[in-house]
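Trainee: I am new to this structure. Could you show me how to read it, one feature at a time?

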Amino acid sequence: MLFYRADHTNLVIRLDSNEPLGILDTDYIEDYNGDDGQLTIYNVDTITDTPLSMVPLPFETPGIPNDVFQGSILLSSLPDNDYQIRGRVRDVIGNYTILSAFGSPNGNERVMMFEFSIVGGEFIPSALRMRIVPVIERGAMVDEFIRIETIENLTRSLVVQENTRSRTITDNNRMQLL
Amino acid sequence: MAVVLLNSAGTSADDPILKGLGIDVVFWTSSMDVTTINDMGIDPTTGATITNSVKSSVTPADTVVTAGATGSYTNSGSLYTISSTTGLAADDYIYLSHASLTDGIYKIASVVDGTDLTIVGDPLNGSDQTNVAYQVAWVYITDTGTSPFLSNGTGDENFIKFDAQDAGANATDFEANCFVRDAPTGSSYIELEGGDYTGQTAGDLSHTLVILSGWTNNGGVTHLQLANHSVQTQNDFTWTTGGGTGEVTLATAEGGLTAGAGDGMKYGRLELKSSAGGTAVGIDIDINVDSSGPTLGITLLGG
């Protein structure tokens with residue numbers, strides 16, 4: 001996962017669970033060292049830990065307690081590097097999930113890897129390359145089929161109806177073609 | 001006044017019979033001289049008056065009076081010979097008295113012919129016997145959830161009354177009582193994995209099971225069977241001891257339940273009985289099995 005630094009001041013990390021988390025010692029999340037209420041942002045390149053306090057977001061899923069948490073940290077404290085989010089949580093009946101790694105595991109936890117990289121700059125879609133492929137018939141209508149590609153191999157299709165001047169589509173990277 | 005017991009249960013409100021269990025109310029005499037039954041009943045109050053008569057519902061009919069003091073037993077064929085088997089059928093009861101058995105009521109296994117019976121358990125098995133005293137009893141077959149039996153949440157007292165007389169018109173009123181109680185709620189009724197029998201979440205597939213733990217004699221329950229959940233129409237449980245879903249003893253059932261593999265909701269139904277093959281009291285059970293840690297998602301946002 002790439003995070004483009006762009007002009008952001010903070011990195012916000014949101015954790016979603018598919019079920020309510022159970023209480024640990026004093027909170028619902030513990031970092032790599034077992035300290036409650038926070039996660040560890042582990043810098044893979046410099047082998048350093050940065051704690052990230054996590055707070056619940058109870059209004060994200062009303063009626064389901066302790067399943068969404070969020071923390072924020074100044075991006076200036078995180079150089080461009082590869083990172084792991086580390087820590088551990090449990091459900092209400094005691095099944096544990098480790099985020100990437102945990103210092104003193106029980107040995108029977110589920111493990112899920114969470115890695116990302118912080119990079120400078122801003123994500124900008126590459127210049128579009130367009131080509132027109134053979135005409136296809138759809139009933140009485142005749143459409144032109146246009147394939148749009150970026151250098152990141154993002155591919156989206158656009159169907160332009162005959163005699164229609166333009167039509168808009170939006171993909172996950174917010175590219176728009178008018 | 002004597003107490004009517006169902007598998008030792010029924011002596012008090014705290015040691016009651018569970019409402020709905022099958023019960024055979026056997027009216028019998030040890031004097032073997034009854035010639036006329038005046039009435040039989042099950043009432044909510046004590047006293048000689050019989051309000052809720054069941055005389056017309058007993059088997060054999062109250063007019064079938066089969067007594068004698070000279071019955072015999074033939075070991076070959078396990079035949080109990082009495083004066084007449086007219087009106088009798090399998091599952092009726094007979095009072096037997098002899099030095100080679102424990103005096104009491106026994107269930108008739110089959111009616112062989114006009115004078116011969118076989119008895120469940122064959123209590124005189126071993127050698128031929130003479131002078132087997134007997135009198136056929138009368139049984140009212142019902143369950144403790146059906147009128148005239150009454151129950152409530154704290155244990156309702158029922159009075160079972162028997163009025164009979166001998167050839168000399170010497171009548172005897174006999175009365176016995178028992179307590180019938182509605183099923184409690186939650187884990188006091190069925191304790192599944194240490195808690196309520198519905199709505200729980202467990203971390204593995206093996207679950208403890210306790211039936212009516214607060215009632216001294218488990219409400220008279222002796223056997224259990226597994227069946228489909230009445231709403232979900234499925235059963236995901238087997239007996240931990242011995243496997244399967246068929247009828248087992250209370251002790252085997254309390255060895256626990258094992259849910260089918262995989263996480264998720266598990267459904268089933270427990271059928272409680274007071275005897276093997278008897279009338280069942282059913283209760284739906286469920287538990288959510290969650291044996292793995294939470295599934296997490298991480299989202300990075302710029303702020």
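This is a predicted model: local features need pLDDT of at least 70, side-chain atom pairs count only at pLDDT 80 or more; totals for chains, interfaces and linings use all residues.

Trainee: How many bridges link strand 2 of chain A and strand 24 of chain B, and is the sense parallel or antiparallel?

Mentor: There are 7 bridges, and the sense is antiparallel.

Trainee: What is the strand order of the open sheet?

Mentor: Read across it: 5(A)-6(A)-2(A)-24(B). That makes 4 strands, with antiparallel pairing.

Trainee: Which strands stand at the edges?

Mentor: Look for strands with a single partner. Here they are strand 5 (55-56) of chain A and strand 24 (296-302) of chain B, so one side of each has no neighbour in the sheet.

Trainee: How many bridges join strand 5 of chain A to strand 6 of chain A?

Mentor: The count is 2, and the two strands run antiparallel. Strand 6 covers residues 68-74. Find Val55(A): across from it, in strand 6 of chain A, is Gln70(A).

Trainee: Now the wider interface. How many residues of chain A are in contact with chain B?

Mentor: Count each side separately. Chain A gives 33 residues and chain B gives 17. On the chain A side, strands 2 (10-17), 7 (82-90), 8 (96-99) and 9 (110-112) each give two or more residues. Strand 2 of chain A has the largest share, with 8 residues. By class, the chain A side holds 17 nonpolar, 9 polar and 7 charged residues.

Trainee: What is the secondary structure of chain A as a whole?

Mentor: Count the elements. Chain A has 13 strands and 0 helices. Then check burial: of its 178 residues, 21% count as buried. Sequence separation is another guide. Among contacts in chain A with a separation of 6 or more, 49% join residues 24 or more positions apart.

Trainee: Into which domains is chain B divided?

Mentor: Domain 1 spans 2-181, and domain 2 spans 186-289. Their C-alpha centres lie 33 Å apart.

Key
Residues are numbered from 1 along each chain as its sequence is written. Chains are lettered from A and ligands numbered from 1 in the order in which they are written. Two strands pair if DSSP finds at least two bridges between them. Two residues are in contact if their C-beta atoms, placed from the backbone, lie within 7 Å. Ala, Val, Leu, Ile, Met, Phe, Trp, Tyr, Cys and Pro count as nonpolar, Asp, Glu, Lys and Arg as charged, and the others, Gly among them, as polar. Domain bounds come from an automatic or database domain assignment. A residue is buried if 20 or more other C-beta atoms lie within 10 Å of its own, exposed if 12 or fewer, and partly exposed in between; C-beta atoms are placed from the backbone.
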